[in-house]
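Biologist: I have not looked at this structure before. Can you put it up and take me through the pocket and the charged pairs?

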Amino acid sequence: MVRYESGGTLAHALDPRSKLAVQVAFALAAFAHTTPRGLAALSLVALGILASARLSPVTVVYDVRFVLPVLVLAPILEGARLGAPWFVLADARFPALASYRVLLVLFVSGAYVASTPARDSRAAVQRLVPGRVGQLLGVGVALVFRFVPVLVADLKRSRAAMHARLGTERPLRERMQFLATSGLNRAFDRADALAVALQARCFAYDPTLPPLAFGGRDYAALVAAVALAASAFL
């Protein structure tokens, strides 16, 4: 799963606020430019962002493989017919382009996750959204970044244990039921442990956050974000 790893790439050196601005601007541009030419240009931008974090697109595709069936099935179902001609390519064209732009947005999000510590993300959110709302959002972002990889690892361990005990010979329904039950049980246990840990460490909504500062590269990233956002309205 894509997660933060320390490094010295261009994306690691950027302020998280400038990276968030690029993400939002890219999403706006992706949902504004729905033509193949527009998405081809945004593909180059997405590949450049991935390169700035030294993250392979294959890695992101592998990590979002659970979403891929939905992205692939949507255009197929839209174009499928129960009679001749059985499949209308023109009807599947727009859903296919929509699925592709979602994949591009996931690429950019993967570059952000791989290059940004959870504490920096929390600090960026709390500085961008003032007051209690920003604190709640910051805590939520930090917990998601830390909690989701742990839950995914628990599910992988449950699946590996099931395979080791020849669980693959069971019907699919039983395997899904086992994984869902064990996953929920582990999630509740993790939640209880997290609550105890937060109380033991005197959890505060407004802790001392890491300092954030814009540099020359951040201003260049902000210019790129403004250009992407402006292109959505042209």
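Modeller: Keep in mind that this is a predicted model. By class, the residues lining the second largest pocket are twelve nonpolar, one polar and five charged.

Biologist: What is the volume of that second largest pocket?

Modeller: The volume is about 520 Å³.

Biologist: Which lining residues are the closest to its centre?

Modeller: Leu143, Arg146, Leu194, Leu198 and Arg201 are the closest to the centre, out of 18 residues that line the second largest pocket.

Biologist: And which elements give two or more residues to the lining?

Modeller: Those are helix H7 (118-128), H8 and helix H9 (172-200). H8 provides the largest share of the lining, six residues.

Biologist: Changing topic. How many salt bridges does the structure hold?

Modeller: There are five salt bridges in the structure.

Biologist: OK, another pair. What does Asp91 form a salt bridge with?

Modeller: Asp91 pairs with Arg81, and their closest N and O atoms are 2.0 Å apart. This pair links distant parts of the chain: Asp91 sits in helix H6 (residues 89-115), while Arg81 is in the loop between helix H5 (68-79) and H6, ten residues apart.

Biologist: Why does Asp91 count as partly exposed?

Modeller: Asp91 counts as partly exposed because its relative accessibility is 31%. Arg81 is also partly exposed, with a relative accessible area of 33%.

Biologist: One more. Where do Arg17 and Asp15 fall, buried or exposed?

Modeller: Arg17 and Asp15 are both buried. Their side chains meet in a salt bridge, with 3.0 Å from N to O.

Biologist: And why would side chains pair like that at all?

Modeller: Side chains that carry opposite charge can pair when their charged atoms come close.

Note on methods. Residues are numbered from 1 along each chain as its sequence is written. This is a predicted model: local features need pLDDT of at least 70, side-chain atom pairs count only at pLDDT 80 or more; totals for chains, interfaces and linings use all residues. Side-chain values use heavy atoms; hydrogens and water are left out. A salt bridge is a side-chain nitrogen of Lys or Arg within 4 Å of a carboxyl oxygen of Asp or Glu. Buried means under 20% relative accessible area, exposed over 50%, partly exposed in between (1.4 Å probe, protein chains only). Helices (H or I, at least four residues) and strands (E, at least two) are DSSP runs, numbered from the N terminus. On a 1 Å grid over the protein atoms alone, a cavity is a set of points where a 1.4 Å probe fits but cannot get out, and a pocket is an open set with protein on both sides within 12 Å along at least five of seven lines; lining residues have an atom within 4 Å of a point. Grid points are joined across faces, edges and corners, and a volume is the space filled by probe spheres set on the points. Ala, Val, Leu, Ile, Met, Phe, Trp, Tyr, Cys and Pro count as nonpolar, Asp, Glu, Lys and Arg as charged, and the others, Gly among them, as polar.
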